[in-house]
Amino acid sequence: MKKHHITLSVNGDDYDALVEPQQTLLDTLRDTLMLTGTKEGCATGDCGACSVIVDGTLQCACLMLGVEANGAKVETIEGMAKGEKLHPLQKAILEHNGLQCGICTPGVLMAAKALLERNPDPTETETRFWLAGNLCRCTGYDKLIKSVLVAAKEMRGA
Amino acid sequence: MSELRYEAPESVSAAVALLAGAKGMARVLAGGTDVIVQMETELIEPELIVDIKKIPEVRGISAENGGFRVGAAATGMQICDHKEFARTWPGVIEGVKLIGSIQVKGRASMGGNLCNASPGADSVPPMFTAGAIARVVGPKGVREVPVEQIPTAPGKTSLAKDEIVTSFFFPARPKRSGDAYQRFTPRTEMDIAVTGVAINLSLDDKGVCTAARVAIGAVAPTALLVKDAGAALVGTKVDDAAIEKMVAAARAACKPIDDKRGTKEFRIEVTGVLAKRVAKAALERALANK
Amino acid sequence: MAHDILDNSGFSADRKLKIVGTNPIKHDGWDKVTGAAKFSSDIVLPGMLVGKVLRSPHAHAVIKSIDTSAAEKLSGVKAVVTRADFPEIKEGTPYGDMTRMVIAREKVYHEGHPVAAVAATSESIAKRALKLIKVEYEVLPHVIDPVEAMKPDAPVLHAYMRTKGAKPGDAKVWADKASNVVERYELGVGDVAKGFAEAEFVVEHVYDTKPMHQGYIEPQSCVATASEEGEVELWCCTQAPFVYRDRLSEILKMDSSKIKVQQSELGGGFGGKTAFYAEPIAIQLARKARRPVKITFTRSEVFRGTGPVSGTQSRIKIGCRKDGTITAAEAELVFQTGPYSGSAFTNAPQAMFTRYDLPNVKTVSYEVVSNRPKVASFRAPCVPQVVFGVEDVMSELATKIGMDQIEFRLKNAMADGATTIYAEKFGKIGFIETLEAAKNCEHYKSPVPKGCGRGISTGFWFNRGGETSSSLQVAPDGSVTITLGTADVAGSRISISMMVAEELGIPVDKVRAVLADTHQLGFNRVTAGSRTTFSQGVVLVDCSRKVIKEMAGRAARIWKVPEEGVMFEDGMFRPASTNVGEFKPLSIADIAKQTTNTEGAIAARSDMNVTGAGPGFGCHIVDVKVDEETGFTEIVRYTVVEDAGKAIHPLQVEGQFQGGAVQGIGWALNEEYIFGTDGKMQNPGFLDYRMPVASDVPNIDTIIVEVPNPKHPYGLRGVGEVPVVPTMAAIANAIGNCIGIRPRSLPMSPPRLLKLLKEKKGKA
């Protein structure tokens with residue numbers, strides 16, 4: 001199949017890639033760029049495991065073609081920690097056991113990061129509705145939501 | 001299986017020309033939250049994808065003649081974040097907010113929601129009641145089409161193969177107007193409407209309803225504007241008796257099917273329940289909007 | 001082989017614990033929050049091909065022919081496999097059934113049943129190749145519902161099948177001709193006729209529950225390679241690497257020693273990853289293509305092709321006296337299993353009443369095949385489905401005799417030393433303590449919020465032990481590696497590491513748990529049934545104690561004193577008394593450093609068939625609010641009370657309680673398989689298979705009861721299964737109390753509740 005040449009920035013690094021036209025951004029990240037931290041749970045936009053931030057907007061990498069990402073700035077889980085320093089959300093999820101199997105975790109973290117960038121002080125209900133697009137089957141959401149609220153508090157310096 | 005072609009033209013005319021020249025199935029790509037899923041699950045195998053997002057006029061939201069012009073590919077999040085639009089059309093925003101998750105709304109558009117022609121599309125009933133006008137561009141020029149004339153059946157629209165919706169016009173609205181949309185789903189989020197009701201109404205100084213439009217979704221092959229239901233409210237103070245009449249008209253207009261998302265009986269029943277609740281919400285907004 | 005630790009765990013309630021009972025960060029957590037963790041679909045090997053599976057569009061059909069020639073000719077296609085590429089094993093035998101579930105032979109038995117597979121250089125080529133495979137079917141009538149499948153005129157799936165345990169006088173089964181009933185199983189105690197004659201109140205109802213999917217977020221994925229010499233390596237997400245190896249050996253007719261299964265990180269299993277699906281196909285493709293092959297399922301394939309949980313129909317009857325004493329209980333249970341046996345349905349009659357001390361019980365259970373995906377294990381397999389009915393009957397009886405719900409259950413609760421229907425005599429158990437904790441908790445004592453209904457329910461699970469083989473190595477720097485052959489489904493590595501650290505008196509950060517491949521250890525039973533943290537605790541505490549003994553010997557030799565002269569305390573080897581002499585205490589690191597000067601590496605291994613799992617009991621309390629105009633149920637408040645024996649890592653234990661309860665909420669309210677009249681599943685995706693999202697549920701409160709299991713060195717009991725057992729019943733009881741009519745069919749979705757409400761209004 002004829003491929004398109006795209007250039008994009010992922011976590012601040014510039015990449016060139018050849019992508020098939022039907023290939024999604026998720027396939028491009030995972031299979032072409034070998035950035036496998038972004039997970040596939042459904043490939044239909046229903047689970048949020050592939051949540052990434054494209055040009056400042058939270059979205060599912062499975063709902064965008066790779067070719068559409070030409071020229072885009074993409075943020076993925078691999079760019080969340082700065083060197084050894086974890087993002088407060090990552091730290092909170094570790095400390096409060098907000099993960100069990102960990103497959104939904106990268107998507108949840110990206111979604112939560114987008115939430116806190118927009119609303120530094122969300123209520124529990126707002127957090128639950130914002131993260132409604134991120135399915136988790138292990139935790140029952142309790143510790144996951146608590147982790148996000150703890151991180152929000154820490155980031156506010158409260 | 002033919003080779004898929006992806007094009008991203010930078011003008012409406014180029015987009016229209018590409019669609020006109022397509023040999024096999026062609027699809028317009030706006031947010032892609034339906035088209036890409038349909039491709040992924042092999043429901044459709046298009047030969048051509050025309051990505052319209054490089055065309056400036058399909059993406060913006062701006063004031064026009066006291067109303068708003070909203071690009072057909074403006075994203076859900078973009079629409080929800082437009083403070084003026086959101087204040088003016090809270091019911092439309094309620095519909096847009098229910099189009100999938102935050103992630104999905106980061107891409108999904110009203111144009112896509114309308115042209116995918118799903119009977120359960122959440123932004124469609126409030127667009128109907130808002131009296132939105134779609135700007136349709138084809139090789140022969142521009143048509144201005146009331147949105148309720150676009151969807152014709154599940155997955156089908158009145159658009160020609162080489163026509164695209166570029167934007168919607170939401171008219172100026174009088175004071176003492178209010179709109180609202182609610183849907184029913186078994187989950188609180190991430191679900192497809194089992195039924196949805198939008199109502200837009202205006203009141204005079206005495207609180208008498210001067211105009212009302214009622215639309216229902218997910219209970220017929222397309223979303224429906226129910227004229228009788230709107231008429232039941234006009235000339236009343238939107239009191240319980242008028243609402244009862246409106247509810248009866250809304251229920252009578254339902255032509256639902258039994259499917260995985262709900263039974264006929266349930267859909268008709270709950271459409272009435274929502275119609276009552278939505279009327280009260282729209283009324284409250286109209287009264288507050290002096 | 002006798003193991004001291006199984007006879008005498010050394011459990012002591014007085015022991016001061018430094019690590020067990022705290023909440024250190026999971027060692028695997030760092031990789032999971034940074035995206036570095038390697039799940040099976042993240043694995044890439046040089047030359048790797050993409051495998052794709054062709055699936056049956058029919059629910060039941062004979063495969064007349066398969067023509068793969070056009071697919072084979074497509075450029076980029078490296079291998080195509082069909083039934084012809086798998087060894088023939090006789091139908092109706094366990095491995096004959098297994099190979100036929102992997103890839104259809106004579107017939108397809110459900111929509112989504114694999115028929116062929118390809119390996120190609122790209123996914124798009126593989127997809128195109130599937131379309132070129134021509135399969136000729138002769139479509140047969142199908143049957144989806146197990147109760148329908150039991151009827152004499154139902155389409156028969158297997159002409160050879162005769163009901164095991166068929167009994168004259170039971171019209172539902174026959175032994176002289178083919179039937180869809182795999183087995184009739186009777187289990188009981190006492191004399192129910194006498195028991196019901198003594199009863200002053202009797203309640204009996206019929207219930208049905210729907211199959212639910214385990215719903216793990218990670219679709220199955222595997223990578224297989226084959227060496228020129230015929231060895232196979234398989235990377236996959238599995239709860240049972242050793243079981244996969246041995247079953248692969250059977251169905252592919254290869255030596256187990258030539259198969260290496262390496263588990264990856266596991267993105268959720270809940271029982272659903274205890275049996276393989278695409279793994280044998282990937283291996284056969286890799287052997288044929290002589291290149292590595294990866295197969296990753298789509299979500300639709302997960303729903304259509306992997307196991308859900310059994311749906312059931314049950315009739316349950318219980319009688320009691322006015323004072324609350326239960327005199328008899330009776331049940332008739334039907335379990336759907338998919339096209340082949342494997343539902344583990346005998347768990348249900350064994351567990352359904354166990355927690356109540358009942359003198360007279362009779363149960364008859366049937367396992368039934370039908371044209372839907374074969375069931376797989378799920379938390380407490382087959383038990384929550386029938387507890388759904390048991391706890392409704394219990395609640396109705398309590399209401400009838402005017403007794404508090406928990407008091408009624410306490411009145412009949414099993415105490416220490418009770419004997420079960422399956423003839424196990426319990427030791428120390430914590431059911432009474434669990435009920436007391438529930439009765440005294442703030443939630444239960446608080447008034448029911450306005451407009452809400454409250455329900456309670458209880459549950460039991462056996463908890464398991466089983467074959468466990470692990471090793472422990474002390475590195476020269478004194479840090480410790482433990483090698484585990486069990487899977488880590490939710491974070492067991494940290495809990496196991498904590499027990500080792502506690503034993504050795506070293507910080508938990510000095511212990512690292514690694515997941516073994518099947519070449520490294522002896523057979524490990526599947527990680528299921530709440531067995532892993534318990535069994536690994538026993539085995540690795542045994543390893544730790546062996547290592548301590550060995551190190552004490554080394555210390556003795558370093559000090560040149562007799563071995564009895566060395567004691568181990570607080571992580572240090574010290575002279576046992578002043579008589580031994582004055583020596584500077586040696587740490588584990590001090591001794592490890594000298595391994596080259598002493599007798600070499602310090603390591604231990606322990607292989608056991610672990611026994612002594614203490615049974616688990618739970619009680620759930622839930623408040624719900626039902627919108628009577630729409631039938632929508634809101635879960636307003638939820639509390640899980642459960643006996644953990646001892647919570648090694650309390651946050652992990654709470655997480656099990658909360659996760660299990662929310663899975664149960666999904667099962668209770670919305671999750672179900674919807675089949676069309678054509679036998680096809682209509683909702684094979686997360687949009688229409690409605691699992692709970694974050695905004696659907698409240699925080700789940702937890703109360704950890706700790707009645708130590710004397711057979712475990714730290715007193716723990718498994719906690720993974722019980723949390724889902726009472727959930728649906730608790731919610732149904734709450735809904736019943738809210739709207740005045742108790743639903744007896746799952747899911748309790750809005751259309752069903754609205755219909756019930758209308759029926760109730762119609763009667764009023």
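**Entry 1: chain B, its domains**

I began inside chain B of this predicted model, where the centres of domain 1 of chain B and domain 2 of chain B, taken over C-alpha atoms, are separated by 18 Å. The domain assignment that I used for chain B gives domain 1 as 5-51, domain 2 as 58-170 and domain 3 as 177-288.

I then looked up the contact between domain 1 of chain B and domain 2 of chain B, and found 15 residues of domain 1 against 15 residues of domain 2. The two domains bury about 1100 Å² between them, with 64% of that area on carbon and sulfur atoms. For this interface in chain B I noted zero salt bridges between domain 1 and domain 2, together with four residue pairs in polar contact, both residues of each pair being at pLDDT 80 or more.

Sorted by class, the domain 1 side that touches domain 2 of chain B has nine nonpolar, five polar and one charged.

**Entry 2: chain B and chain C as whole chains**

For chain B I recorded a secondary structure of eleven helices and 14 strands. Its radius of gyration is 19 Å, close to the 19 Å that the globule rule gives for 290 residues, so chain B is as compact as a globular protein of that length. Along the principal axes, the C-alpha atoms of chain B fill a box of roughly 60 × 45 × 35 Å.

**Entry 3: where chain C touches chain B**

How many residues does each chain give to the contact of chain C with chain B? I find 25 residues from chain C and 24 residues from chain B, and the pair buries about 2300 Å², of which 52% is on carbon and sulfur atoms.

The rule finds ten salt bridges across the interface of chain C and chain B. I looked up a salt bridge in which the side chains of Asp627(C) and Arg277(B) meet at 3.0 Å, N to O. The polar contacts across the interface of chain C and chain B come to 16 residue pairs, both residues at pLDDT 80 or more.

On the side of chain C that touches chain B, the elements giving two or more residues are helix H5 (123-132) and helix H21 (750-763) of chain C, and H21(C) gives the most, with five residues. The residues of this side of chain C divide into ten nonpolar, five polar and ten charged.

**Entry 4: where chain C touches chain A**

I next turned to chain A, where 45 residues are in contact with 53 residues of chain C. The area buried between chain C and chain A is about 4100 Å², and carbon and sulfur atoms give 58% of it.

For the interface of chain C and chain A I noted four salt bridges; I also looked up the salt bridge between the side chains of Arg30(A) and Asp42(C), at 2.8 Å, N to O. The residue pairs in polar contact across the interface of chain C and chain A number 23, both residues at pLDDT 80 or more.

Which elements give two or more residues to the side of chain C that touches chain A? They are helix H2 (29-34), H5 and helix H19 (650-669) of chain C, and the largest share, nine residues, comes from H19(C). By class, I recorded 25 nonpolar, 20 polar and eight charged residues on the side of chain C that touches chain A.

**Entry 5: inside chain A**

Last, I looked at chain A, which is divided into domain 1 (4-79) and domain 2 (88-156), with 21 Å separating the centres of the two domains, taken over C-alpha atoms. Their contact takes twelve residues from domain 1 of chain A and 13 residues from domain 2 of chain A.

Conventions. Residues are numbered from 1 along each chain as its sequence is written. Chains are lettered from A and ligands numbered from 1 in the order in which they are written. This is a predicted model: local features need pLDDT of at least 70, side-chain atom pairs count only at pLDDT 80 or more; totals for chains, interfaces and linings use all residues. Side-chain values use heavy atoms; hydrogens and water are left out. Contact means heavy atoms within 4.5 Å. Buried area is the accessible area (1.4 Å probe) that two parts lose on being put together, summed over both. A polar contact is a pair of N or O atoms within 3.5 Å; within protein, one must be able to donate a hydrogen and the other to accept it, and residues adjacent in sequence count only if both atoms are side-chain atoms. Helices (H or I, at least four residues) and strands (E, at least two) are DSSP runs, numbered from the N terminus. Ala, Val, Leu, Ile, Met, Phe, Trp, Tyr, Cys and Pro count as nonpolar, Asp, Glu, Lys and Arg as charged, and the others, Gly among them, as polar. Domain bounds come from an automatic or database domain assignment. The radius of gyration is taken over C-alpha atoms; the globule rule is 2.2 Å times the number of residues to the power 0.38.
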